[in-house]
Structure formats: C-alpha cells, structure tokens
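Thanks for coming, everyone. Let me put the structure up on the screen, and then I'll walk you through a few places in it.

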Amino acid sequence: MTVTTPMVHAEGVRKHFGRLDVLKGIDLTVERGQVCCLLGPSGSGKSTFLRCINHLEKVDAGRLTVDGDLVGYRQQGSKLHELREREVARRRRDIGMVFQRFNLFPHMTALQNVMDAPVKVAGADSAQARLDAERLLDRVGLADRAGHYPAQLSGGQQQRVAIARALAMKPKLMLFDEPTSALDPELVGDVLQVMRQLAADGMTMVVVTHEIAFAREVADTAVFMDEGVVVESGPPRQVLADPEQERTRTFLSKVL
Amino acid sequence: MAASTAPVPAGTDAVRSDEAPPQDLLVVPVRHWGRWIAAVAAVTALTGLIGSLANNANLHWDIVGHYLFAGLIFDGLVTTLWLTAAAMVLALGLGTLIAVMRRSTNPVLYSLATAFVWVFRGTPLLVQIIFWGYAGALYKYVMIGVPFTHITFLQADTNSLLTPAVAALLALGLNEAAYASEIIRAGIQSVDEGQTEAAYSLGMRPALTMRRIVLPQAMRVIVPPMGNESINMLKMTALVSVISAHDLMSNIQDVYAQNYQVIPLLVVASIWYLILVTLLSFPQSWLERRYGRGTAQSGRTSPLRRLLTGSASRLRVLGSGPNHQKG
Ligand SMILES: Nc1ncnc2c1ncn2[C@@H]1O[C@H](COP(=O)(O)OP(=O)(O)O)[C@@H](O)[C@H]1O
Ligand SMILES: [Mg+2]
C-alpha cells in the first residue's frame, strides 16, 4: 500500500444513459504527478468517464475519488451526503478541463478568458489576475495574442488559450478530452508541446487522445478502453508496443 | 495608348492585356430602363398623394401645427415614453426569470412558468388592460399576509394602488413578459452547451454561468427581436387609452372628444409615434454591435459612422472597376 492517496481512483464506476450502459465498471488509478492516457474507439465511454471525474456527469454506481474526496458526495460515517451546488463548484475549481472543441468564451478576449474565473470565482485581485494571465499566455506562446477574440485565433491558438484558462485556477489535476482532434495537422504540434511541458512540470493529467506517439512519449500509464470497460492498462511501452489483448491490437493497427 | 472611350470588345483578353491597361478603359454600366420608368411612375403617384393631402382643407394643417407641441400632447408623450420603458424593463426582468424557470428541472417551477406564458399570451392584450383597470371590482383591498390566517402585514384599497397608470404598466409588462420569455429562452438555447460545461469546469456556479457566460452570448439572438418588441410596445401603449392612462393616445382622444377634429389629431399622434419609433431604432443598432463583439460582424461600423466617413467604400468600388467590365 502506498502512503499517499492517488489523485484519481475509480472502482467499478458505472454510468448509463437511459438503457445504454456506457461505463460498465471502470477500475483505474492515477497517482499524483502522473500522466494517464486513455485510448479507445469512438463511443467506448472515454469522454463520459472524464466528465464523471469533475462531476459534469453523475456516477450511477461504484466509487470515484479525486485526491481522496468522493466525487459528488461527502462521507460522514456510514452516510453519503450529496454535495450542494456550491461545494460541487468548489471542488471543480481544482480540476482543469480542456475540451475537444476548445469552448473558449467567444465574447471575451484571450486575456479575459484566462483571468475571468480567477477574479469572478476565486475572488482574486484583478490586477494580480491580469499579471498571472499574461504570464500564462506567455507560457503557452501567445503573449502577443492577449487582446484577440477567439474568432481571431487559429484552432491551435484557441486550444492553447483554453489550456491557459484551465491553468489559471491552479488546478491539481488536468483533464484533456481529445485536445488535438479538432485541429489541422500542422497545428497539433504546438498544443502537444504545451502539454508535454506541463507534464514535465509535474502536473497530474488524464488525457483522452488518439496521438499514439504522444502517449508513448509522455504517459506513465496507457489505458485502453472499449465498450465501457478497461480492456488493458499499463506502461505505454507495453500496452502500445506489445499489447496482450486482441482488441487493443486491432485498435492500434487502425490508428497507427 | 488606346483611345479611352473605345468600347471593350467581348472576350478579347489579348487586346486588354497587351494594348490597354484595364484601368484606362471607360466602364459602361448596363442601363436599367425598366427601373427608371417604374421609379418615375412611383414618384409621380406619391407627389400627387402628398399634394392632395397638403391641399385638403379637411385635414386642417393649421390645427395639426397647433396641437403638435401643445402641453397636453407633450404630457401624454412623456407618459407614453416612461410607460414603454417601464413595461419593457418589467418584461425583460420577469421574462428572463420565466425563461430560466422554463428550463428548470423542478416540475413546480416549470409548470408555473408555462402556465404564466399560456395565460398571458393566450388572452387578448385589450382584455388584460381592461381587466387590470377594473381589478378593483374583483378585490376591494390588497393585503400582504399569511394566507388562510388573520395575520396581515399590509393592507390597502385596491383603487388607490391600482391607478390607471399602474394598471397600464402591469397589463403591458406582464403581457410582454410572456413574449419576452420565449425570445430569451430561444436565445439561451442558441448558446452551445459546451460554454456552460467550460464555465462549470472552472468552478462557476449555475447562476454566475448564466449571467456571465450564457446570457451575454444569447443577447446576440435576443436583441433584434426585442428591438421589434420595444417598437411594438411603444405603439401598443395606445391601447391603454381605454382605461384613460393619460398616455399620448388618451390625451389625443380627450382633445378630439371636445373639438371633434379627429383626423388632424390622429395626424399629430402619428407624427409623434413615427418620431419615437425612429429614435428607438438607434439604441437597437448600438446594442447589436455591442453584443456582436468577438463575432465576424463585430468589425462593422455604425450606419451613422459610415455616412460620416463614407469615402472608403466608394473608393473600393472605383478600385475594383476593371472586374466589373461588361463586354
Ligand atoms: N448525454 C448523453 N446522453 C445519451 N447518450 C450519451 C450521452 N453522452 C454520451 N452518450 C453515449 O455514450 C456513449 C459513449 O460516449 P463517449 O463517452 O462520448 O465516448 P468516447 O468519448 O469514447 O467516444 C456513446 O454511445 C454516446 O452516444
Ligand atoms: Mg469523446
């Protein structure tokens, strides 16, 4: 047994939409400072699982904890108390999320996108938040785009602003849902470079991706999901280069 | 150089590129004779109509001129304006609340909001105005207290609370709130779900997300129809003359009830309504530009500014001349 609590710990996590069983008992652990890459065919439940982690979806059964806290509940003795809206929001602050389609706020400039939550949610001083936001934009290579609206930025630039926006809340965990899938091929590299740097800085990350090369290089754990279950997981060297399961092999032969 | 007045022969690229640079050729636009004839006919008809109105003794332009700036008419104008503004503010506030309630998963809130829209959109506005005007006949007193007990905090005579102006405001505002709520709901629905998720993932709570992320984007969809609604409201205030709320139309009616100059006074009313409606369209275009920020249209300048600095677009037309050559 390790002494420290894992950042993400899932045991038998289930989720269904109507009659459709999307997650059929997911077991998964992400240790502090580690990068976990989730791979699998479309519709296998990767996004749904990611969204469960910050409570955008409610888990139906099983146990899901982030940094030791049950997602969506507070445990008191043998009772589980459902969290209030305020507490749910409070916990989400510590979990950054980056979406496939960026979801930047189109009515705000890049700088406003990054500094809005620190000021309005965390109550930061706005001059300080501006400085921090400028520093973050610089870190993702977009210092000169601070005054641009999302519509004036390329997809790759928008996604890097989105990463900066998530980092502005100083999260302890970052979730990425196919962050490069909506990008033109020549723009993928810049975004991956930012993520690589983030991993090197020690951020705990769960990344849904089809970028096998990235997973092989950056991930500590690669997890292959299909039809709502974890088919195979382990070091990327093994899962991606020499998979044990036939389903993993078939999938990899398609994406590579 | 070739003579600049020579017509361009059709399809002779070689001539154009070798002998004469395109910008030296005179462009002869297509003449639209049909349009000219139609325009002349329409202008003639309009001139005739205006002339007959101007010279019509029954119209009494002297009376129109006399009442156009009369004190009573001006008072009515002021009432019409604040009634319009107050009713729209009430409608926007209540409409937003109802729109949010109709999206709620709480069945009680949802049903209340739906019932509100059903009633206030389903009965004629004129009926609602008269109803509020005579509500004193239904409830003699208005009380605030605990229902089904004798505890009252406040009690007042309905007729002293529900003056014609208050009744008019309630009738117009509540009716408009039903329509506004539908417009606002459509606006909220037009905003991508991903915006809400992004806001939630940053730790924003639903109310802040609605206020700061969703509604500002919904405004792009909400402002144009709400502008129409405001213009409609301005004219609908004329209906409250049935409970003599001292708006423009009420006062116009008061005047012609005494001097029987119905037509000239209706002309006075029409002139003022037209002026007010024209003035109202300015804030609308300003709002449309403000909430268009960050979209492709945000680069657009206002019509007024374009008029003042109009040369740019004309230059562009001149510069693109050669492309418009017709052979
Ligand atoms: N909100 C929802 N309502 C109903 N079905 C959903 C919803 N979200 C996802 N699904 C379904 O769940 C399955 C898994 O989706 P998802 O988690 O997005 O897969 P992946 O990200 O691996 O492609 C899909 O069949 C999808 O249609
Ligand atoms: Mg997905």
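Let's begin in chain A, in the loop between α1 (46–53) and β4 (61–66), where A:His55 sits. Keep in mind that this is a predicted model. What is the phi of A:His55? The value is positive, about 65 degrees, although the residue is not a glycine. Most residues other than glycine have a negative phi. A:Phe102 is another case: its phi is near 65 degrees, again positive in a residue other than glycine. You'll find A:Phe102 in the loop between β8 (95–98) and α3 (110–120) of chain A.

Now, over to the interface. Chain A brings 27 residues into contact with 20 residues of chain B. About 2,100 Å² is buried between the two chains, and carbon and sulfur atoms give 58% of that. Which three residues supply more than any other three of the area that chain A buries against chain B? Those are A:Glu85, A:Phe105 and A:His107, with 24% of it.

On to chain B, then. UniProt, in an unreviewed entry, places "transmembrane region" features at residues 36–55, 67–100, 112–135 and 262–282 of this chain. In the model, residues 36–55 of chain B are 95% helix and 0% strand, with end C-alpha atoms 28 Å apart. For residues 112–135 of chain B, the figures are 83% helix and 0% strand, and the end C-alpha atoms lie 22 Å apart.

Next, some helix packing in chain B. Helix α4 (residues 71–102) and helix α12 (residues 262–290) pack at about 40 degrees, their axes 12 Å apart. That angle is why α4(B) counts as oblique to α12(B). The crossing here is right-handed. On the α4(B) side, the contact is made by B:Ile73, B:Leu77, B:Thr80 and B:Leu81, and α12(B) answers with B:Val268, B:Trp272, B:Tyr273 and B:Leu276. Seven of these contact residues are nonpolar, one is polar and none is charged.

The other pair I'd like to show you is helix α8 (residues 164–189) and helix α10 (residues 206–236) of chain B, whose axes come within 8 Å and cross at roughly 140 degrees. So α8(B) is oblique to α10(B), and this crossing is right-handed. Residues making the contact include B:Glu176, B:Tyr179 and B:Gly187 of α8(B), and B:Met210, B:Pro225 and B:Glu229 of α10(B). How do the residues of this contact divide into nonpolar, polar and charged? There are 16 nonpolar, one polar and two charged.

That's my tour; I'm happy to go back to any of these views.

Key
Residues are numbered from 1 along each chain as its sequence is written. Chains are lettered from A and ligands numbered from 1 in the order in which they are written. This is a predicted model: local features need pLDDT of at least 70, side-chain atom pairs count only at pLDDT 80 or more; totals for chains, interfaces and linings use all residues. Side-chain values use heavy atoms; hydrogens and water are left out. Axes are lines fitted to C-alpha atoms, for helices over the stretch in contact, and angles run from 0 to 180 degrees between N-to-C directions. Helices (H or I, at least four residues) and strands (E, at least two) are DSSP runs, numbered from the N terminus. Angles under 35 degrees count as roughly parallel, over 145 as roughly antiparallel, 65 to 115 as roughly perpendicular and the rest as oblique. A crossing is left-handed if the near helix is turned anticlockwise from the far one by less than a right angle, and right-handed if clockwise. Contact means heavy atoms within 4.5 Å. Ala, Val, Leu, Ile, Met, Phe, Trp, Tyr, Cys and Pro count as nonpolar, Asp, Glu, Lys and Arg as charged, and the others, Gly among them, as polar. UniProt positions are given in the numbering used here, feature names are shortened, and annotations may be inferred rather than shown by experiment. Buried area is the accessible area (1.4 Å probe) that two parts lose on being put together, summed over both.
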